[in-house]
Amino acid sequence: YWQHDKYGRVKKYGFVGANNSTEEEAAAPVVRRDWTPVTRNSTMVTTNKDGLIVVGYILPIYSCYKLREQKKNYGLTDPETDREFQDAAVMLKASIHRNSARVPGKSQFDYEMVALIHRTVENCAGGANRTRLLEKIGYRVEVVREPVHARNIKNDYLRNNAPKSIDARIGMREMIRLYAFKMIDYRITVLMEPTTWLMRPPDGIYDAFLNGDVETNPWAINHPKHIVRDTFYPNGTVLTQHTLPKKVEIMFSRDYSALSHKSWTTGLSLAFVLIKPSVKLYRKLLNVYQSINYDPIHGWDSKGYAHYSGSMQTKGLLTYYYSELQPNAKLELHRCVYNNLADIPFVADKSGSRDNCRDVKEHKTLPDGSPMPCTDCRLQMYDEIVVVNFAICRSPWTCPYMKTVKVPLLRPTIELCRRFHEDWFALRQQVEQQQTNTTTSANGKFHPEIFHGYCQPGLVGGGAYVTMNRIN
């Protein structure tokens, strides 16, 4: 069924068909033929009642909670209970809200939270209905299925291996992220993760994204170091964008977190991706994915894009597409500003050498014979960090506490992670003070200077998280 929000925008509950053939097509209730996002009339959501552009922040949900014994494989990042899932969704929205036009003087952009939930994971092990939970928090919810099925992939190797490349239990569901390219009722969509944390308004990159010539944009002129102009290709070459593109379809940073001394190939990070939605572009990406030649050794079109986490699904597709097919339609953002992980800046080899920077473009020797210093995101000016990724620091709802160590190498990571966590819990305290229906007792004794009373002592390597009350 359908109803309108306070801005007169259509809010949809239900499902629609995939055959929205034009970008000007008006939204209307239709009989469900497929599980894909609804396309609403673009004039309803593009701007709010004050004429400000509405950014669609997209949270893809394609798996159920990981059991504790599976944490060895999955890491300590994703929520593992309904209550943690609720808190993660509340706090992601809160971080975006405080950096939006809804806070006077903060931003020139409004926002809408959008959850893409795969139809098989609305409920997990008899838990809460996640569609209803997210709607109560204020998300627009789209229940979808994967946009591409393995049986439609022409390449034998990709067809047989892509569904199990991340996790056989997830299959192709991860690719629901591609629907962010199809949601043309927003001028900008931004792919996020539960572990993404917005620290400051990204107005500069939004303005540059929308207003054509990036080279002459005030943001690009005033923050040249926030843009990465050099791209490393798997064949070993480095190409430089001497002139920034006039038309940008996507902005992203690189993911260097999973590199090893055996493999320096990496893809873009899916924690914060700016997209200019287009049905034509969405279809183009699906066509490339279904028809590409994928080599077992050398990956996409035998170009060397392979053998990193996610290389056969969304991450691999977008990395290949915007490196090889449309290199002039992308803008790479500096990872220390727009995807700060507080990670150690090099990958140690068996000898313990610290010369192997995560960014392979820095594998150089200076004129004096010394190795080029690695870019260390832990030393980034704190008031310049726009986006935090908790994948290394671990998610706040795990109450992670890393003891100060004597090893100088780890100390900057520990200190920056503590600062990230303290900011998260400080905002949680503000949220609870404003929303009485989520107020809990903040009297936890586990490092209250960091966790603000929301963690109790109890677990090895961390505290016991005190969840918000259930939102009814």
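At 6% relative accessibility, Cys124 counts as buried. Buried here means under 20% relative accessible area, exposed means over 50%, and partly exposed lies in between, with a 1.4 Å probe and protein chains only. The model is predicted, so local features need pLDDT of at least 70 and side-chain atom pairs count only at pLDDT 80 or more, while totals for chains, interfaces and linings use all residues. Residues are numbered from 1 along each chain as its sequence is written, and side-chain values use heavy atoms, leaving out hydrogens and water.

Cys124 has a bonded partner. It forms a disulfide with Cys64, and the two sulfur atoms are 2.2 Å apart. A disulfide is a pair of cysteine sulfur atoms within 2.5 Å. This one links distant parts of the chain, 60 residues apart. Cys64 sits in the loop between strand 3 (53-61) and helix 2 (71-74). Cys124 sits in the loop between strand 4 (109-118) and helix 4 (130-137). Helices (H or I, at least four residues) and strands (E, at least two) are DSSP runs, numbered from the N terminus. The torsion about the S-S bond is about -85°, so the Cys64 and Cys124 disulfide is left-handed. Cys64 is partly exposed, at a relative accessible area of 28%.

How many disulfides does the structure hold? There are five. With the bonded cysteines of the chain numbered in sequence order, they pair 1-2, 3-6, 4-5, 7-9, 8-10.

Consider two further links. Cys336 and Cys377 are joined by a disulfide, S to S 2.0 Å. Again the pair links distant parts of the chain, here 41 residues apart. Cys336 lies in helix 10 (residues 335-338), and Cys377 lies in the loop between helix 10 and strand 16 (387-389). The S-S torsion of Cys336 and Cys377 is -75°, and the link is left-handed. Cys336 and Cys377 are buried.

Cys357 and Cys374 form another disulfide, with sulfur atoms 2.1 Å apart. Both cysteines lie in the loop between helix 10 and strand 16, 17 residues apart. The link of Cys357 and Cys374 is left-handed, with -85° about the S-S bond. Cys357 and Cys374 are both buried.

Now turn to the sheet. Strands of a sheet pair through backbone hydrogen bonds, either parallel or antiparallel. Two strands count as paired if DSSP finds at least two bridges between them. Here eight strands form an open sheet in the order 5-4-3-6-12-11-15-8, with mixed pairing. Which strands stand at the edges? They are strand 5 (140-144) and strand 8 (227-228). Each has a single partner strand, so one side of each lacks a neighbour in the sheet. Strand 11 (residues 250-252) and strand 12 (residues 272-275) run antiparallel, joined by two bridges. Met251 stands opposite Leu274 in strand 12.

Last, the backbone. Most residues other than glycine have a negative phi. Asp301 is not a glycine, yet has a positive phi of about 50°. Asp301 is in the loop between strand 14 (299-300) and helix 9 (314-325). Its relative accessible area is 31%, and Asp301 is partly exposed. His447 also is not a glycine and has a positive phi, about 40°. His447 is in the loop between helix 11 (411-434) and helix 12 (448-451). At 22% relative accessibility, His447 is partly exposed.
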